[in-house]
Amino acid sequence: MAMQDTTTKKTPLVRSIFSTQGRSGRGPIMHEMALMRNVVDTVLDFAEQVHATEVKTIHLTIGFNRDIVEKYLDSMFAFLARGTIAEHAELIVRRTPCMVKCNQCGRVFHIDVYDSTTWICPQCKAARDYKLHSGMEFVINNIEVTLPQMAG
């Protein structure tokens, strides 16, 4: 009987995942479901490429400006990954704030899309003259898997 290597392989994988469909009035669950379907497909494709026996952890970075209801992600991942080598994987989500870069002075600062008082550069006082710096990410940063023991 072959022994399995119980160590994990941490492989950095930066891949952006974007939904190709909008909500179209279908409610928040459909949006998260489409995104998580892409995550599960990407994770399983990667696991197959490296001949993994189990997916342990998936690290995601999601910007706060993405229209995501985070509380749905774990249950959707579990539902979509059931019966696969990723069904017991832990999903770790890191959220990134909405940050903009002022076109006048170059300062990077946080804005709250619901609070217009934050839409002014704190350094040069330029109003609404900036480009998005972060906050729209949806990235798989890392997938940790268990590999079979290599024959010696």
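This is a predicted model: local features need pLDDT of at least 70, side-chain atom pairs count only at pLDDT 80 or more; totals for chains, interfaces and linings use all residues.
## Nonpolar cores

The largest nonpolar core comprises 27 residues. Met36, Val39, Val55, Ile58, Phe77 and Val145 have the most contacts inside it. Two or more residues come from each of helix H1 (28-49), strand S2, helix H2 (73-81) and strand S7. H1 is the main contributor to this core, giving 7 residues.

In soluble globular proteins, nonpolar side chains tend to be buried together.

## Strands S2 and S7

Strand S2 (residues 54-63) and S7 run antiparallel and are joined by 8 bridges. Within this pairing, Glu54 stands opposite Thr146 in S7.

S7 spans residues 138-148 and is mostly covered, with 9 of its 11 residues buried.

## Cysteines

The model contains 0 disulfides. A disulfide requires two cysteine sulfur atoms within 2.5 Å. For Cys121, the closest cysteine sulfur is that of Cys105, at 3.6 Å, so the pair is too far apart for a bond. For Cys124, the closest cysteine sulfur belongs to Cys102 and also lies 3.6 Å away, which is too far for a bond.

Cys124 is partly exposed, with a relative accessible area of 33%.

How values were computed:
Residues are numbered from 1 along each chain as its sequence is written. Side-chain values use heavy atoms; hydrogens and water are left out. Buried means under 20% relative accessible area, exposed over 50%, partly exposed in between (1.4 Å probe, protein chains only). Helices (H or I, at least four residues) and strands (E, at least two) are DSSP runs, numbered from the N terminus. Two strands pair if DSSP finds at least two bridges between them. A nonpolar core is a set of buried Ala, Val, Leu, Ile, Met, Phe, Trp, Tyr and Cys residues joined through side-chain atoms within 4.5 Å.
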